[in-house]
Amino acid sequence: MKILAILYNGFEHAEAEPRLHGTVENKLGIEGWLASLGHEFIVSSNKEGPDSDFQKHIVDAEVLITTPFHPGYLTRDLVEKAKNLKICVTAGVGSDHIDLNAAVDHKIQVLEVSGSNVVSVAEHVIMSILLLVRNFVPAHEMIERGDWHVSEIARNAFDLEGKVVGTIGAGRIGYRVLQRLGPFDCKELLYYDYAPLPAASQQAVKARRVEDIKEFVSQCDVVTVNCPLHEGTKGLVNDELLSHFKKGAWLVNTARGAICDKDAVARALKSGQLSGYAGDVWDVQPAPKDHVWRTAKNPLGGGNGMVPHYSGSTIDAQARYANGVKSILEKYFNNQPQEPQNIIVGLGKYETKAYGQR
């Protein structure tokens, strides 16, 4: 069969480090295996426009593999052109780059490697919270400039201890963020989710659920976004919700860029309603050079902790999602049942509530 993979270019870095599995050069480590089975394997980073490799090959591919870090956006129009497409596999976690409703309608299965990035992203969230609260980036930039003005940095540096931290979404990643916040002796840990945690799990992390999102953000010094992108969460953090945040709160988003209105976040930073915004996800990836989140700052010239989308693409995570992709393909080739937690869309129906209550 024809298998199409849209990955990202690693260039000399992928040549030097073969464990960068998610790159065009290293092909998820499955090129030889697929060739031995007689399959045609097309790998490219070229995904934009009607003349791209993505659009050229999707019309007759049976399998599509793509990553959340350099996604091939599979719209309904492309789904309808993809007459042979049977299964889409996300090398990682997060399948919002696929029109899931179109996949349901056309009986195309959608799977992802559930859990492959949860530790990696949860660690990145904790790092991002600390770099915002401690005003780390301006301090480092000051040292690079050759300056030394402690008061300029310390006036906007705080302890995490004694703060109220809340997560929007308490699933695999959000829960691990709550676990990792335990040793910091926060004043309180909160979560907002459509489903309550099991009582034992909630007690284990000593977190309290707040059912109204405006009430939730109004209580938090730090808000971290750890929910999937779908119709119910797109643009969730907008001007109106940001007006309910504590003035000077910090916001971290490692989920999906489009959950936060980019211009609303930039305005909140500029006004001081937010002291900082950090994350690695953007509403279009790669992000345009003029994307407002690249340069948005608070009134003191800090508060920006944005990086390219790599929190879930550490070397360790890449090994997990490469192995997971191979496992999914093996099961597909052999007509074996998939692991339930990996299935987003089965044959003609959703198999998860992660992408909205349906």
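1. Let's start with the largest cavity. Its lining is made up of Leu131, Leu132, Asn135, Phe136, Val137, Pro138, Asn156, Trp250, Ser275, Asn298, Gly303 and Asn304. On a 1 Å grid over the protein atoms alone, a cavity is a set of points where a 1.4 Å probe fits but cannot get out, and lining residues have an atom within 4 Å of a point. This is a predicted model, where local features need pLDDT of at least 70 and side-chain atom pairs count only at pLDDT 80 or more, while totals for chains, interfaces and linings use all residues. Residues are numbered from 1 along each chain as its sequence is written, and side-chain values use heavy atoms, with hydrogens and water left out.

2. How much space lies in the largest cavity? About 50 Å³, where a volume is the space filled by probe spheres set on the points, and grid points are joined across faces, edges and corners. The count comes to 1 cavity of 30 Å³ or more. Helices α6 (118-133) and α7 (136-145) each supply at least two lining residues, and α7 gives the most, with 3 residues. (Helices are DSSP runs of H or I with at least four residues, strands are runs of E with at least two, and both are numbered from the N terminus.)

3. By class, that cavity lining has 6 nonpolar, 6 polar and no charged residues. Here Ala, Val, Leu, Ile, Met, Phe, Trp, Tyr, Cys and Pro count as nonpolar, Asp, Glu, Lys and Arg as charged, and the others, Gly among them, as polar.

4. Now for an open space: the second largest pocket has a volume of about 570 Å³. A pocket is an open set of points with protein on both sides within 12 Å along at least five of seven lines. This one is lined by 22 residues, with Tyr8, Phe69, Pro286, Pro308 and His309 nearest its centre. The lining splits into 11 nonpolar, 10 polar and 1 charged residues.

5. On to the sheets. One is open and has 6 strands in the order β2-β1-β3-β4-β5-β13, with mixed pairing; strands pair if DSSP finds at least two bridges between them. Its edge strands, β2 (40-44) and β13 (343-345), each pair on one side only. β1 (residues 2-6) and β2 are parallel, with 5 bridges, and Lys2 has Glu40 in β2 as its bridge partner.

6. Helix α14 (residues 315-333) lies across β1, β3 (63-66), β4 (87-90) and β5 (109-112), at about 165° to β4. For such angles, axes are lines fitted to C-alpha atoms, for helices over the stretch in contact (heavy atoms within 4.5 Å), and values run from 0 to 180 degrees between N-to-C directions.

7. The other sheet to look at is also open: 7 strands in the order β8-β7-β6-β9-β10-β11-β12, with parallel pairing. Here β8 (207-209) and β12 (304-306) are the edge strands. β7 (residues 188-192) joins β8 through 3 bridges, and Leu189 is partnered with Ala207 in β8. Helix α9 (residues 172-181) packs on this sheet, touching β6 (164-168), β7, β8 and β9 (222-225), and its direction makes about 175° with that of β7.

8. Last, the aromatic pairs: the whole structure has 7. Rings of Phe, Tyr and Trp (its six-membered ring) pair if their centres lie within 6.5 Å; planes under 30 degrees apart are stacked, over 60 edge-to-face, and the rest tilted. Trp33 and Phe333 have ring centres 5.7 Å apart and planes at 40°, so this pair is tilted. Trp33 sits in helix α2 (residues 31-36) and Phe333 in α14, so the pair ties together parts 300 residues apart in sequence.
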